[in-house]
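Please keep the sequence and the model in view while reading.

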Amino acid sequence: MTVASIFTKLVLMMNLCCFWCQSQNMRAALVSQPGGPEQITIGETPVPVLKDKQVLLKVYYSAINRADTLQRQGKYPSPPGDSDILGLEAAGTVEKLGPGATKWKIGERVMGLVGGGGNAEFVAVHESHLLPVNELLSLQEAAAIPEVWLTAFQLLHFVAHIKAGESVLIHAGGSGVGTAAVQLAKLAGAEAFITAGTQEKINLAKSLGASEGFNYKEGPFVEKLLNVTNGRRVDVVLDCVGGTMWEQNIDAIGMEGRLILYGTLGGTSLNGDVIRSIMGKRLSVIGSTLRARSCEYKSRLITTFQEMALPHFLTGTLKVVIASVLPFEELAKAHQIMESNVNAGKIVIEVIPEQRGKNIKTDL
C-alpha cells in the first residue's frame, strides 16, 4: 500500500468521522449568562438522548413565552430533568422513537409541550405530551398552540372550573394566553371581558369573542366594567399581573368568585386589608403554573384538550393568533418585542425552513 493511498484513506475516515459528529449536534438557543436578549446565541449543542417513552421531534417552528424571557434573566429555571435550552413548545415531525414509545410513527406531524428545549432543531418530548397536527393546520400555526392554549385551557377548566353562563375577566387579553382564553371561554358558554394596553389589542380580543375590553393605561376599569354588565361583577378573574391589579380584581369579582393568579408581571406585594377582602366575598384565590406540573398531570390535560378543544381549530371556531414569524437567528429580537409589550398574539420562530428540513437528519 502506497503512502498516497494510506493518506487518502485517512482523509476519508476523518471526513466520515466529522460527518458523524456533526450529525449528533444541532443548533439551539443558548444563554451565555443571565441578562438581556443580547445574551442569546444560536449555537451548537448535542442532540438530546431519548429517555423512556420520549420522542425526538424535528422542530420546524417554535415560539416564545414570558417564561422564556424570565429564564433568560435567570429568574425562572427549567424544572429538574428538563432541558436548559429556551423554548416551551414546538411543532414539526417525529424523527425518532425512544425506548417504549409506541404512540407515534416516524414522520408524523405533531406539536408538543416541553419543559425546555423547544428553541432548537431537535427536542425530546414525552410521547403523551404531543398532539397531532391535522393537514388543515400549518406547522407554523401549530407551534403557537401548545403552551398558551394549554395554559388557558388549564386555567379555565382545571382550575377555575368555568361554567356556561358565568363571566370571566381576562387580563392581558391581547397576549397569547389572553387571546386563547377569550375563545375558550366563549366556547364554554361564558362571557369574556379583557384588559389590555392598546385599543388594537382590545379590538383583537373583541373580534375573537370578548364582550368588551378596557385599557388599563387609562385608569381604573371596574366602574366601566360594571356599566357594561349593569352592575354585575364577574365570576372568575384570570390574572397574570399580580400586585398592581389586586385591589381592582377584588372590586371586579363577585361573591364566591374565583381569582386565578398565574403571573406576577405587576409584582408580588399587596397593600391593604387583604385577608378581610377575601373573606368578605368568600373568594377562592388560587395560584397556578403549568411548566412544573407532573408528567401525569400534563398528559391528562393534553388528552382533555385534544378531546374538548382541538377539533374546533379544524372548524375555524378556534383561531390561532400569530403576531409575527421571525427566523431562528432573530430570537433575541423576538424577546425584545415581547418585553416591549407591542405584540398582539404569539411570536413564532422558524427554526428549520420547511423546504430544507428533510435534509437535516440525526443518526442517533
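Where is the place of E256? E256 belongs to strand 12, one of the DSSP runs used here (helices are H or I runs of at least four residues, strands are E runs of at least two, and both are numbered from the N terminus). The model is predicted, and local features need pLDDT of at least 70, side-chain atom pairs count only at pLDDT 80 or more, while totals for chains, interfaces and linings use all residues. Residues are numbered from 1 along each chain as its sequence is written, and side-chain values use heavy atoms, with hydrogens and water left out.

E256 counts as partly exposed because its relative accessibility is 49%; buried means under 20% relative accessible area, exposed over 50%, and partly exposed in between, for a 1.4 Å probe and protein chains only. With a relative accessible area of 1%, I253 is buried. The C-alpha atom of I253 is 8.5 Å from that of L169, a residue 84 positions away along the chain.

## Salt bridges

How many salt bridges does the count come to? The total is 14, where a salt bridge is a side-chain nitrogen of Lys or Arg within 4 Å of a carboxyl oxygen of Asp or Glu. One of them joins the side chains of E166 and R258, at 2.9 Å from N to O. This pair links distant parts of the chain, 92 residues apart: E166 is in the loop between helix 4 (146-159) and strand 8 (167-170), and R258 is in strand 12 (residues 253-261). Both E166 and R258 are buried.

Another salt bridge brings together the side chains of K206 and E212, at 3.4 Å from N to O. K206 is partly exposed, with a relative accessible area of 35%, and E212 is partly exposed too, at 22%. The side chains of R232 and D235 also meet in a salt bridge, at 3.1 Å from N to O. Here R232 is partly exposed, with a relative accessible area of 40%, whereas D235 is buried, at 17%. Elsewhere, salt bridges that share partners join R27, E121 and E329 into one network.

## A buried arginine

R291 lies in the loop between strand 13 (284-287) and helix 10. R291 is buried but has no salt bridge, and the nearest side chain of opposite charge, D68, is 5.8 Å away. In this comparison Lys and Arg count as positive and Asp and Glu as negative, while His and the chain ends are not counted.

Which side chain makes a polar contact with the side chain of R291? The partner is Q71, at 2.6 Å. A polar contact is a pair of N or O atoms within 3.5 Å; within protein, one must be able to donate a hydrogen and the other to accept it, and residues adjacent in sequence count only if both atoms are side-chain atoms.

## Helix 4 and two loop residues

Helix 4 is mostly covered, with 13 of its 14 residues buried. H161 follows this helix and lies in the loop between helix 4 and strand 8. Phi of H161 is near 55 degrees, a positive value in a residue other than glycine. H161 counts as partly exposed because its relative accessibility is 47%.

R282 is found in the loop between helix 9 (274-280) and strand 13. Its phi is near 50 degrees, again a positive value in a residue other than glycine. At 48% relative accessibility, R282 counts as partly exposed.

## The second largest pocket

The second largest pocket is lined by 29 residues, of which K51, Q54, G81, D82 and A124 lie nearest its centre. On a 1 Å grid over the protein atoms alone, a pocket is an open set of points where a 1.4 Å probe fits, with protein on both sides within 12 Å along at least five of seven lines, and lining residues have an atom within 4 Å of a point. Strand 6 (122-126) and helix 10 (295-308) each supply at least two residues of this lining, and strand 6 gives the most, with five.
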